[in-house]
Amino acid sequence: MWSLDDDDDDPPRPADEAFWGEVAELVGERGSVLLEEVGVRNAERWHRLRTGELGELRRHLTPRAGLLVWPELDVDVQEVLRTIRDDDDRMYVLVWEDRDGHFRKALARSEDHLDLYLRLAQARGAMANSFYAHEHHPLLAAVLPDDDGVVRSDWRP
């Protein structure tokens, strides 16, 4: 996430051919990964990436979007929810795929676990990431450059 306190003067990594090559390698190794597309005002879209689908997806991404590549969702949703339930000191960003194939996201704490069990009862998969930006560990992160190849976004993972 971008922060006013961010003292990193290095420009963000562009989502160039090298980045997409790494994404393709991850998809080849893992079978699928998730792409979190963060656009204007932190509006998000989630995409499942599989072999042969990268070209089509790239044409539909939001200009200047931040991109985070995450591992595939864990199909053991109950285990993901137990992780949240058992950790009183942390806030999580919970992402899941509902029974209709739509990705959902919510902030979650241990005290929310009963509500979460009901909300995710029919989820296909889930993941829980730390709410705290310095504890985010995506597989890859980059920013979409403009058509001329220049990154004109201050977005930071």
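The strands belong to an open, antiparallel sheet of three strands ordered S5-S4-S6, in which S5 (103-108) and S6 (125-130) are the edge strands, each pairing on one side only. Residues are numbered from 1 along each chain as its sequence is written. The model being predicted, local features need pLDDT of at least 70 and side-chain atom pairs count only at pLDDT 80 or more, while totals for chains, interfaces and linings use all residues; side-chain values use heavy atoms, without hydrogens and water.

Three aromatic pairs were counted, a pair being rings of Phe, Tyr and Trp (its six-membered ring) with centres within 6.5 Å, classed as stacked for planes under 30 degrees apart, edge-to-face over 60 and tilted for the rest. Phe19 and Trp20 form an edge-to-face pair because their ring centres lie 5.0 Å apart with planes at 80°. Both Phe19 and Trp20 are buried (under 20% relative accessible area; exposed is over 50% and partly exposed in between, with a 1.4 Å probe and protein chains only). Phe131 and Tyr132 are likewise paired edge-to-face, at 5.5 Å centre to centre and 80° between the planes. Phe131 is partly exposed, at 37% relative accessible area, and Tyr132 is partly exposed at 31%.

Terms used
Pairing = 2+ DSSP bridges. Helix = DSSP H or I, 4+ residues; strand = E, 2+ residues; numbered from the N terminus.
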